[in-house]
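I opened this notebook to record what I looked up in a structure that was new to me. The entries follow the order in which I consulted it.

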Amino acid sequence: MKILIIILIIISFLQSTTAPLDLILIILICRSYLKADKASLYLAFAFGQLVSSLDLRLLGLQSMIYLSAVWLIQVLSRSRLAGNPFLLIPISFICLSINSLINSTPSFPTIIVESLISLPIFYIVRLWEERFTIQKGIKLRI
Amino acid sequence: MDRVVPNLKLFVILITLSLITLILDFTHLLKFPKQLLSYITNPISFGLYQTNQKLIKQFHFIFQARTAGQENKALKEQIGKLLSENALLRKKLAEAESLVSQSQHLSLQTYNLIAARPIGLSRYLKIDKGTDAGVKKGQAVVFNDNYVGKIVSASAKNAAAALLTDPDSKVAAFSQGLGTRAKGVLVGQFGNEVLMDKILHEEKISVDDLVYAEGTEGFLPRGLILGRVTQVLERENEVFKQAKVQPIFDIRDLELVFVITE
């Protein structure tokens with residue numbers, strides 16, 4: 001989790017200075033799609049505040065958007081359709097469009113690119129969550 | 001409930017917190033903590049931004065180098081085309097100048113001239129006009145006031161002219177200078193010189209005298225310049241004097257020559 005937080009901090013700085021993509025939201029969407037845990041909501045709240053602060057926007061607004069997106073995806077991930085990873089692309093597109101609409105004028109080519117890269121990010125996050133995070137349920141039998 | 005709608009309680013709490021933060025920020029109550037945070041985040045953002053700009057410059061340089069290479073290639077092609085166009089224009093200008101110059105020396109109203117380009121020079125001067133253009137055997141080839149040669153063979157599209165230096169060439173000529181005048185026959189020699197023969201001893205001829213055509217052959221007008229005397233050969237025991245004559249210009253320098261048809 002610590003590593004994920006560090007990565008997200010670095011990405012939030014990069015996104016506010018160099019990359020015009022909302023990578024934080026994409027990662028949060030992907031993680032929520034995989035895991036419907038409380039950590040995703042905490043991350044959405046915290047990084048929403050950080051991104052707002054870095055982008056010199058009103059604090060709280062970005063958190064609300066991130067939280068809403070994460071929670072909605074957690075609800076969706078319980079549905080039967082959630083088994084297909086390609087569903088992530090339209091979901092990301094809707095979430096990113098709403099985010100752009102609230103924050104600024106939406107640039108749809110950028111949103112399409114962001115939606116498309118959400119799929120490889122999803123696989124990276126899944127790899128990370130499956131291989132590099134400790135699962136509480138798994139215990140070594142002696 | 002938690003199975004269908006997960007973490008609803010936490011979501012509501014966090015949304016409420018976000019809303020409170022938003023209201024507080026909207027009323028400028030979070031000014032101090034925001035300032036404090038910006039003291040930490042601003043240098044990091046600035047550093048990242050600077051690094052990004054430097055990286056973009058480097059990549060831009062690579063792209064520019066590639067574009068410059070393509071531009072260079074295109075420009076070279078363009079220069080090649082322009083040079084060839086320039087050469088063509090220069091050639092046409094030289095031809096036009098020759099034509100104007102010719103019209104000043106031999107009146108186009110008196111003589112019917114055909115402009116022709118030299119296309120080869122060995123024993124004969126080859127020109128790019130032939131019988132199709134009205135060139136016939138025996139016609140004179142001139143340039144300005146100077147006699148160049150005589151057409152010895154003509155095909156449909158080109159013709160060959162025997163130059164003054166050709167050993168078969170014989171032209172009745174007279175030389176004229178300051179107080180000197182002599183008559184003779186200009187005979188071609190092998191090489192670049194022509195010999196003026198059959199000059200009487202009592203006739204005066206000296207170096208640098210100009211040699212003109214007598215015009216008795218019929219195919220060329222009287223008074224055309226044939227060359228300049230470079231050496232006078234005078235022997236007491238011989239009946240006639242001789243003089244070495246050199247053509248005034250180099251035929252290889254000519255862009256156009258003119259065939260007198262009538």
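**Entry 1: the nonpolar cores**

I began with the largest nonpolar core, which holds 41 residues; B:Val142, B:Tyr147, B:Val148, B:Ala161, B:Leu186 and B:Leu226 touch the most other members. I noted that the model is a predicted one.

**Entry 2: chain A**

I looked up the secondary structure of chain A and found 6 helices and 0 strands. Along the sequence, the pattern reads α-α-α-α-α-α. Chain A has 142 residues, of which 39% count as buried. Taking contacts in chain A between residues at least 6 apart in sequence, I noted that 61% join residues at least 24 apart.

**Entry 3: chain B**

Of the contacts in chain B with a separation of 6 or more, 52% are between residues 24 or more positions apart.

**Entry 4: where the chains meet**

I next asked how many residues of chain A are in contact with chain B. The count is 24 residues of chain A, in contact with 24 residues of chain B. On the chain A side, α1 (2-17), α3 and α4 (61-76) each supply at least two residues. By class, I found 13 nonpolar, 9 polar and 2 charged residues on that side of chain A.

I then examined helix α3 of chain A (residues 38-54) against helix α1 of chain B (residues 8-26). Their axes are 10 Å apart, and the helices pack at an angle of about 5°. Angles under 35 degrees count as roughly parallel, and α3(A) and α1(B) are therefore roughly parallel to each other. From α3(A), the residues A:Lys38, A:Leu41, A:Phe45, A:Gly48 and A:Gln49 take part; they meet B:Leu10, B:Phe11, B:Leu14, B:Leu17, B:Ser18 and B:Thr21 in α1(B). I classed the residues of this contact as 6 nonpolar, 4 polar and 1 charged.

Key:
Residues are numbered from 1 along each chain as its sequence is written. Chains are lettered from A and ligands numbered from 1 in the order in which they are written. This is a predicted model: local features need pLDDT of at least 70, side-chain atom pairs count only at pLDDT 80 or more; totals for chains, interfaces and linings use all residues. A nonpolar core is a set of buried Ala, Val, Leu, Ile, Met, Phe, Trp, Tyr and Cys residues joined through C-beta atoms within 7 Å. A residue is buried if 20 or more other C-beta atoms lie within 10 Å of its own, exposed if 12 or fewer, and partly exposed in between; C-beta atoms are placed from the backbone. Axes are lines fitted to C-alpha atoms, for helices over the stretch in contact, and angles run from 0 to 180 degrees between N-to-C directions. Helices (H or I, at least four residues) and strands (E, at least two) are DSSP runs, numbered from the N terminus. Angles under 35 degrees count as roughly parallel, over 145 as roughly antiparallel, 65 to 115 as roughly perpendicular and the rest as oblique. Two residues are in contact if their C-beta atoms, placed from the backbone, lie within 7 Å. Ala, Val, Leu, Ile, Met, Phe, Trp, Tyr, Cys and Pro count as nonpolar, Asp, Glu, Lys and Arg as charged, and the others, Gly among them, as polar.
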